[in-house]
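Me: Please guide me through one region of the structure shown here, as I am new to it.

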Amino acid sequence: MDVRQLTPFISVSPQIHVADIGLAASMGFRTVIANRPEQEGEDQPLNTELEEACRLNGLAWHYLPVVSGNITTADVQAFTHLLDTVQGPVLAFCRTGTRSTTLWALSEAHHLSVEAILNATLAAGYDLSAQRERLGLSASQVSIRPGVTVRHDVLIVGGGAGGQAVAASLLKRQPDLDIAIIEPNTLHYYQPGWTLVGGGVFERKDTVRNMASVMPDRVKWYQTAASLFQPEHQLVQLEDGTALGYRALVVAAGLSLNWEAIKGLRATLGQNGVTSNYQFDLAPYTWELVQSTRRGKALFSQPPMPIKCAGAPQKAMYLSCDHWLRQGRLKDIDVEFCTAGAALFGVADYVPALMRYVEKYGIQLSFQHNLIEVDGPARRALFRITAPTGEVTEEEKSFDMLHVCPPQQAPAFLRSSPLADAAGWVDVDTQTLQHKRHGDIFALGDCANSPNAKTAAAVRKQAPVVAENVLMALQGQAARAIYDGYGSCPLTVERGKIVLAEFGYGGKLLPSFPAWLLEGREPSRLSWFLKEKMLPWLYWEAMLKGREWLAAPQLLEHSPASHSSQQACDFGERK
């Protein structure tokens, strides 16, 4: 739980969960205020669950929902009245804490100086300087409505791998470019390292840095969340109601892990033998379980595509089996891989090498098995099974250890936006990564609907392409930089060996090294060295700093798609 104090009376937090309520009580809070509307996003527990947890822990519960990006006068007045009547200390929360912080700031505008309010919110990690003018009004006059406060050359939504990499690539090409990044998180994660944390190779602390340390100095950082896109006006609205203008927009918002799609899973994560390397704080529990498991049943699940790094569920399984084999325990452990897919891996060239390890470890492969429910205390998992004939049945399996890969989807604010396709992903041209309907908008990384593997390696190749095409769009030119669908999945089959899968659109093999040096279709110690030693360094010191080794974009003489030229012309007229 990320608690940030505004005053001794009130603190704010991003979304809390049931397990956090007891912690809040132990910290001395007496009242919890929910400022996030029910079912706003997939990361939310039900308010009834939170309210019941408050009751059991002796905390007062108040529900004051505020629509993201639209804090009204009535909202501020209701929040002010609530603070005047409840018993403190108070913990208020929303998706990122920004709305709760903004409500407090506006409620104090009638008797605190603007500087005192801004200093308090900044100390808590929320920069509300864009609200300076509104904070100069009394609380009764305040109503946050969209209005352009500033316009940037390039506005980037998301400060993860994609957002940081494209910002660095843009600044490498044009250092004086006015770039801003919208990112609420204070920490930046090297997510490819979590598999190795779960395998006892990396320490969790080695996969995280402060966001400020990776944010380029020349980039303006809005430490809040985006809530609304208005592409027809070249505007992005922030969670606190501020509207930012742009000449070009880059969306790199990642994806969301939908834990709630599997009934009972959220409540048992991190206990009862249920874990996932897809979450930063759970990867060490994976390693703890691997070390403590000596016999019984170990299940590893994989949901329907698309997911982030399609090989990660298998990597967790192979590393676990390798440890058990080395410890002489594997013969007493029944390992089963339950995947919703119909094949072990999507690119057939790599399957033979993987099958040799499946046989070596004695793994049972269960295809078209989709995990739909988990009963942690009973150690039971329920799967929906689709037979080749199309017949659907359900089967319950017991487990001693369960590693779950959760279903994944585009973030809620993207799914409901005018940028999304029918499935909720940002709708882009597969080669230029330019939006199909808005020529001044680009997307990369997990949130884009380009049919490539959702990996950090894909982002490393996409960022220079987007940077080139953004600069062309700013000049009213058609996008000519081309992305070939490259993605890489270092399949960790044992400690010390990796099958380095590198491929592009259509499963075409795209190896980075000659076969005499590294044959990616076979397990290799050199590939392990790259994964363990080189790739983390390449991520932090090259990709996030605009160094494009082995990632230079291909430029075509003419635009690869006729619609790109028309979009560029339209954009040129709007500049």
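**A strand and its neighbours**

Reply: Strand β16 (residues 296–302) is mostly covered, with 6 of its 7 residues buried, where buried means under 20% relative accessible area with a 1.4 Å probe and protein chains only. Strands (E, at least two residues) and helices (H or I, at least four) are DSSP runs numbered from the N terminus. This is a predicted model, in which local features need pLDDT of at least 70, side-chain atom pairs count only at pLDDT 80 or more, and totals for chains, interfaces and linings use all residues. Residues are numbered from 1 along each chain as its sequence is written, and side-chain values use heavy atoms, leaving out hydrogens and water.

Me: How many bridges join β16 to β17?

Reply: Two strands pair if DSSP finds at least two bridges between them. β16 and β17 (residues 333–339) run parallel, and Q302 has T339 of β17 as its bridge partner. The number of bridges joining β16 to β17 is 7.

Me: Which residue of β22 does A298 stand opposite?

Reply: β16 also runs parallel to β22 (residues 401–403), joined by 3 bridges. In β22, the residue opposite A298 is M401.

Me: Are α12 and α13 parallel or oblique to each other?

Reply: Helices α12 (residues 312–326) and α13 (residues 351–361) pack at an angle of about 40°, with their axes 10 Å apart. Angles under 35 degrees count as roughly parallel, over 145 as roughly antiparallel, 65 to 115 as roughly perpendicular and the rest as oblique. The angle therefore makes α12, relative to α13, oblique.

Terms used:
Buried < 20%, exposed > 50% of the residue type's maximum accessible area, 1.4 Å probe, protein only. Axes fitted to C-alpha atoms, helices over the stretch in contact; angles between N-to-C directions.
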